Amino acid sequence: MIVVTGATGSIGRALVRRLRERDVLAVVRRPAEDLGGPYALADFDRPETIGALLSPGDRLFLNSSLWPGFADAHRAVIDLAAQAGVAQIVAVSVRDAAPGARLGMGVHGRVDAHLRKSGVPWTILQPSGFMQNLPRDFQDGTMYGSYGSAPINYIDARDIAEVAAALLTAPVGPDRDLVLTGPESLSHDRVAEEIGKALGRPARYVNLPLPEMAAHLEERQGIPQAHAAELAALMAEMGERGDGSWAEITTTVEDLTGRPPRSLSTFLADHKTDKTDEADHKSAG
Ligand SMILES: NC(=O)c1ccc[n+]([C@@H]2O[C@H](COP(=O)([O-])OP(=O)(O)OC[C@H]3O[C@@H](n4cnc5c(N)ncnc54)[C@H](OP(=O)(O)O)[C@@H]3O)[C@@H](O)[C@H]2O)c1
């Protein structure tokens, strides 16, 4: 059986759709008839509820959003998966994840390190930022950031789902980290241009120096001061203060799925017509 956690999320929904014909179990916190297939109620906050769903030979897709208990909960589920004799874990991490790194990259880094030592065959997916965030980032017409003019890569979460589906339905392969990217890297001015064109509304990117960006996050989004400062610094490091790694493009999506990853314009066209949780990729723009 393929057990999919985070099944109501951006990646999870697309993955469950993609695996519809398979023996798949969606793990959800609340009843989710709209997923259109079998599901079980469980919660990472009580890892044993997820462990109880696992049997020898299962394949586990390990993913959820981040919250303060994320690292402990995900490590506990990994241990329970090892005890249950799970055949493979495909986990969602992030580019540049490492123990001690900033924010979510540090959290993922700790979980990734635990998974690599777990004894369960593993694949760690390290995606770029998700295109799915962008309409929300620009929802009031203006996105603020401290990336500067550097190009940054975004990926459509559906492409991550398609890579996961390929891995979870093929014979278990070697343990590996896979950096997943979209097909192009764009400055945020270019992203704003694409958003404005595709969604037919004004969109602009405003770059702020670090202290102003941190204050903006604190005042406008209510993010605590220390976290806001880290987030602003992270944006700058992903952008023009960084080494360019967030602009690098890999061929991994195409290598594993046989199709190029979706472009931003394809994502935006689907977003406009509300097709972004469709798993099948018919055109890559
Ligand atoms: N967004 C980005 O740009 C980006 C970039 C790189 C990596 N990532 C990583 O991608 C992951 C998020 O993936 P996503 O975007 O597909 O997620 P998402 O759309 O934010 O959905 C999160 C999923 O996790 C579930 N969840 C959250 N807390 C849970 C808990 N305690 N127990 C059980 N389920 C729980 C949610 O269930 P409910 O529906 O019940 O809330 C939902 O299904 C994170 O690890 C993040 O660090 C994100």
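This report walks through a predicted model, from its annotated span to its strands, its ligand and a few single residues.

Some ground rules come before the tour. Because this is a predicted model, local features need pLDDT of at least 70 and side-chain atom pairs count only at pLDDT 80 or more, while totals for chains, interfaces and linings use all residues. Residues are numbered from 1 along each chain as its sequence is written, and side-chain values use heavy atoms, with hydrogens and water left out.

## The annotated span

UniProt, in an unreviewed entry, lists residues 6-171 as "domain: NAD(P)-binding". UniProt positions are given in the numbering used here, feature names are shortened, and annotations may be inferred rather than shown by experiment. In the model, the end C-alpha atoms of residues 6-171 lie 23 Å apart. The span is 36% helix and 20% strand. Helices (H or I, at least four residues) and strands (E, at least two) are DSSP runs, numbered from the N terminus.

Let's start with S2, which covers residues 24-28. Is this strand enclosed or open? Five of its five residues are buried, so S2 is largely enclosed by the rest of the structure. Here, buried means under 20% relative accessible area, exposed means over 50%, and partly exposed is in between (1.4 Å probe, protein chains only). Val24, Ala26 and Val28 point one way from S2, whereas Leu25 and Val27 point the other way, and all are buried.

Strand S1 (residues 2-4) pairs with S2 in the parallel sense over three bridges; two strands pair if DSSP finds at least two bridges between them.

Ala26 stands opposite Tyr39 in S3.

## Around the ligand

Which residues come nearest to the ligand? Of the 25 residues around the ligand, they are Thr8, Ser10, Arg29, His108 and Asn133. A residue is near a molecule or strand if one of its heavy atoms lies within 4 Å of it.

| Residue | Protein atom | Ligand atom | Distance |
|---|---|---|---|
| Ile11 | polar backbone atom | oxygen | 2.9 Å |
| Arg29 | polar side-chain atom | oxygen | 2.7 Å |
| Phe44 | backbone N or O atom | nitrogen | 2.9 Å |

How much of the ligand does the protein cover? On its own the ligand has 920 Å² of accessible area, and the protein covers 81% of that. Accessible areas come from the Shrake-Rupley method with a 1.4 Å probe; for residues, only the protein chains shown count as cover. The elements that give two or more residues to the shell around the ligand are H1 and strand S7 (129-130).

## A second sheet

S7 also belongs to an open sheet of three strands, in the order S7-S9-S11, with mixed pairing. Its edge strands are S7 and S11 (185-186), each pairing on one side only. S7 and S9 (residues 152-155) run parallel and are joined by two bridges. Gly129 stands opposite Tyr154 in S9.

Is Asn153 buried or exposed? Asn153 is buried, with a relative accessible area of 0%. Its side chain makes a polar contact of 2.9 Å with the side chain of Ser128. A polar atom of the Asn153 side chain also lies 3.0 Å from the backbone oxygen of Glu184.

## Two positive phi angles

Asp96 is not a glycine, yet it has a positive phi of about 65°. You'll find Asp96 in the loop between strand S5 (88-92) and helix H4 (103-116). Asp96 is partly exposed, at 38% relative accessible area.

Leu103, also not a glycine, has a positive phi of about 45°. Leu103 is found in helix H4, and with 21% relative accessibility it counts as partly exposed.

Methods: A polar contact is a pair of N or O atoms within 3.5 Å; within protein, one must be able to donate a hydrogen and the other to accept it, and residues adjacent in sequence count only if both atoms are side-chain atoms.
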